[in-house]
Structure formats: C-alpha cells, structure tokens
Amino acid sequence: MNGQTSAGNAEYKKYGYQPITRFPEEIPEDIEPAVIVRPPQQPIPDNHLAFAIFVTVCCCLPFGIVAIVKASQVQTFYAMEDYQGAVESSRSAKSWSCAGLATGVVILALVIIIDIVCISIVAASSDAPH
C-alpha cells in the first residue's frame with residue numbers, strides 16, 4: 001500500500017481524501033507534459049520614486065505625495081501583468097513630480113523676489129532723512 005498503514009488510510013477516508021498511490025514511474029508514458037507558453041515579458045517601467053520623494057521633501061508636498069502614490073502603483077500593476085497600467089502610473093508619477101518641481105521653483109523664485117523687494121524698501125527707508 002505504498003507505505004501507508006490501514007490506520008493512515010482510515011484517516012484519509014474519514015476526511016474524504018484519497019491517498020496518492022501513483023509514483024512517477026507509474027505514470028503512463030503516453031501522457032505529454034504540459035508546456036505553458038507566455039509572451040515575452042516587457043521590462044518594468046521606471047517608477048520615478050526617487051524623483052517623487054525629492055519633490056515631496058524639497059519642493060511641493062501635495063504634488064509629491066500624489067507622485068509617490070502613483071510611483072508605488074507601478075510595481076503593483078506590473079505584478080498583476082497589467083503592463084499598460086504600469087506604464088500609465090509611471091507617466092503619471094513623472095508628471096506629478098515635474099508639476100511639483102515646477103511649483104516649488106516658482107514659489108522659491110517668488111519668495112526671493114519678495115525678499116529682494118522688501119530689503120530694498122527697508123534699505124531705502126533707512127537712507128531717507130527723518
């Protein structure tokens with residue numbers, strides 16, 4: 001009985017299972033092994049996560065958070081074999097990161113301009129006679 005005792009068989013029958021009684025040498029030779037053919041897998045798209053983190057920390061927090069979420073979706077879509085979804089999330093992460101970087105640069109430029117104007121006004125008012 002392939003090394004099974006009658007107590008072991010009773011245990012299988014108790015739960016409705018049948019013991020495996022075939023060993024590889026007992027498989028008929030006329031059965032062909034199954035071969036699964038998959039199309040070649042596309043390379044994983046860049047998730048732009050480092051760019052998204054940089055934008056979050058240094059430039060614009062709201063846009064950076066959205067970019068991080070989109071960047072994290074790239075791997076998820078790729079693992080589910082949704083290549084188009086992974087590419088879309090990658091592009092979206094890059095777009096949000098670029099928008100956040102541009103917003104941060106514009107805000108920084110405005111702050112510098114406002115500082116220069118304020119310093120000029122203070123300097124001009126201190127030079128004026130009282």
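This is a predicted model: local features need pLDDT of at least 70, side-chain atom pairs count only at pLDDT 80 or more; totals for chains, interfaces and linings use all residues.
Axes are lines fitted to C-alpha atoms, for helices over the stretch in contact, and the angle between two of them runs from 0 to 180 degrees between N-to-C directions. The crossing of H3 with H4 is left-handed.

What do the two helices bring to this contact? On the H3 side, the residues include Phe-63, Val-66, Lys-70, Phe-77 and Tyr-78, and among their partners in H4 are Tyr-83, Ser-89, Trp-96 and Thr-103. Sorted by class, the contact of H3 with H4 has 12 nonpolar, eight polar and one charged residues.

Now for the other neighbour of H3. Helix H2 spans residues 49-58 and H3 spans residues 61-79; they pack at about 160°, with axes 7 Å apart. That makes H2 roughly antiparallel to H3, and their crossing is left-handed. Leu-49, Ala-52, Ile-53, Val-55 and Thr-56 are the H2 residues that meet H3, where Leu-61, Gly-64, Ile-65, Ala-67, Ile-68 and Ala-71 take part. Here the contact has nine nonpolar, two polar and no charged residues.

Which residues of H2 are buried? They are Ala-52, Val-55 and Thr-56. Looking down the axis of H2, these buried residues fall within an arc of 100°, so they line one face of the helix. They pack against H3 and also against H4, which covers 83-127. Ala-50 and Val-57, by contrast, are exposed, on the face of H2 turned away from its buried side.

Notes: Residues are numbered from 1 along each chain as its sequence is written. Side-chain values use heavy atoms; hydrogens and water are left out. Helices (H or I, at least four residues) and strands (E, at least two) are DSSP runs, numbered from the N terminus. Angles under 35 degrees count as roughly parallel, over 145 as roughly antiparallel, 65 to 115 as roughly perpendicular and the rest as oblique. A crossing is left-handed if the near helix is turned anticlockwise from the far one by less than a right angle, and right-handed if clockwise. Contact means heavy atoms within 4.5 Å. Ala, Val, Leu, Ile, Met, Phe, Trp, Tyr, Cys and Pro count as nonpolar, Asp, Glu, Lys and Arg as charged, and the others, Gly among them, as polar. Buried means under 20% relative accessible area, exposed over 50%, partly exposed in between (1.4 Å probe, protein chains only). The arc is that of the directions from the helix axis to the C-beta atoms.
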